[in-house]
Amino acid sequence: MNKKVIIVGLGIGTLYDTVLRTSKKYTFDIITVDVDETKNPTYTSIEKCILDHPKFDLAIICTPNYLHEAHAKLLSPISGIVLVEKPGMGSLDIWNKIFRINNNVFMIKNNMFRKNIKLIRKYIDDNANSITGIDIRWLNVDRIPNPGSWFTNKKLAFSGVSSDLLPHLLSLYYSIAGDGNINISTLITAQNYSLDTISDTAYGTINKDGVYNVDDYCKLDLGGLGGTIPYTLEACWKDEKLKKSKIEIRIHGAESDIIYKLDLCPEEAYLKMVESFLRGNYSFLDEHHYIDCWIHTCLDQIREKI
């Protein structure tokens, strides 16, 4: 089955370009857009692209956060499904306004489509009475994304690690808890580094003349009310005290802990997510809109307190 796709932004967008070509369910006709000609995009602007290609089955927006709204406005009317990289838009209100244009805009939540998520959820359901708490962590030794770029500029990125990694943890929480809990009982955010104290990064390059005014550490507690299991979500871009990065779900039991090590999201999860949205029925799409609104509600609460 042929599907026409537009990918806007060839940073993480290059991963989608590669992954979609491995699909056995669909044949994808991929058009790419990026303002940087050195990345060899098909077009350097969306406006030029849609003059030649007025209709798409799928649009994937992988541009800097502050551009998501404008790009979704352009692509929603001409695409069957529009997938927007986390953290979506700058607020829940903006997200809902964009969604209501054609009811077809959804946040990318690739971690929800990992193979082992159902296994983890079953273990939690089967052992709920003996579980004392669950930690979902994404802690990096040295992975600040392009320090001094838009990633670390609050005006352009909305916030730091809480806009970048926390949405992944929130979607994982929803996947295994099956609950859109917006009760944030504890919230800690911090900016532990600055351009003066960053000498290197494993993710991109450093612009010493840029801006770094965002949180690079965050921690929040969810749940724990009415006998429910308490969850702790924790993320950081950089912690030099760590021996190695930790991407994991840790389930605390009465006698011992169970640890599921996740590592970076596998490519097969990205493909499964895209294919699921393309064939998604009303109930699937309705649930994902609910999850998107819940994540935006959490992020709104966090940004108000930062």
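These notebook entries record what I looked up in one predicted model.

**Entry 1: ground rules.** The model is predicted, so I noted that local features need pLDDT of at least 70, that side-chain atom pairs count only at pLDDT 80 or more, and that totals for chains, interfaces and linings use all residues. Residues are numbered from 1 along each chain as its sequence is written, and side-chain values use heavy atoms, with hydrogens and water left out.

**Entry 2: the parallel sheet.** I looked up the strands (DSSP runs of E, at least two residues) and the helices (DSSP runs of H or I, at least four residues), both numbered from the N terminus. Two strands pair if DSSP finds at least two bridges between them. Five strands make an open sheet with parallel pairing, in the order β2-β1-β3-β4-β5. Its edge strands, each pairing on one side only, are β2 (27-33) and β5. On average, neighbouring strands here are turned by 20 degrees against each other, direction ignored. Axes are lines fitted to C-alpha atoms, for helices over the stretch in contact, and angles run from 0 to 180 degrees between N-to-C directions. I then checked β1 (residues 2-8) and β3 (residues 56-61), which pair in the parallel sense over four bridges. I6 stands opposite A59 in β3. Helix α4 (residues 92-102) lies across β4 (79-84) and β5, at about 140 degrees to β5.

**Entry 3: the mixed sheet.** A further open sheet has six strands in the order β7-β8-β9-β6-β10-β11, with mixed pairing. β7 (184-190) and β11 (257-261) are its edge strands. Its neighbouring strands are turned by 10 degrees against each other on average, direction ignored. Strand β10 (residues 246-253) runs antiparallel to β11, and five bridges join them. E248 stands opposite K261 in β11. Helix α5 packs on this sheet and touches β6 (131-139), β9 (230-236), β10 and β11. I noted about 20 degrees between the directions of α5 and β10. Helix α10 also packs on the sheet, touching β7 and β8 (217-223), with about 60 degrees between its direction and that of β7.

**Entry 4: N110.** Is N110 buried or exposed? N110 is buried, because its relative accessible area is 2% and buried means under 20% (exposed is over 50%, partly exposed in between; 1.4 Å probe, protein chains only). N110 sits in the loop between β5 (105-107) and α5 (117-126). Leaving aside neighbours within four places in sequence, N110 is in contact (heavy atoms within 4.5 Å) with H168, C265, A269, Y270 and M273.

**Entry 5: pockets.** A pocket is an open set of points on a 1 Å grid over the protein atoms alone, where a 1.4 Å probe fits, with protein on both sides within 12 Å along at least five of seven lines; lining residues have an atom within 4 Å of a point. A volume is the space filled by probe spheres set on the points. The largest pocket holds about 940 Å³. Of its 49 lining residues, G11, I12, C62, F151 and Y203 are the closest to its centre. Helix α3 gives the most to this lining, four residues. The second largest pocket has a volume of about 390 Å³. M112, F113, I117, K118 and S175 are the closest to its centre, of 15 lining residues. Helix α10 gives the most here, with four residues.
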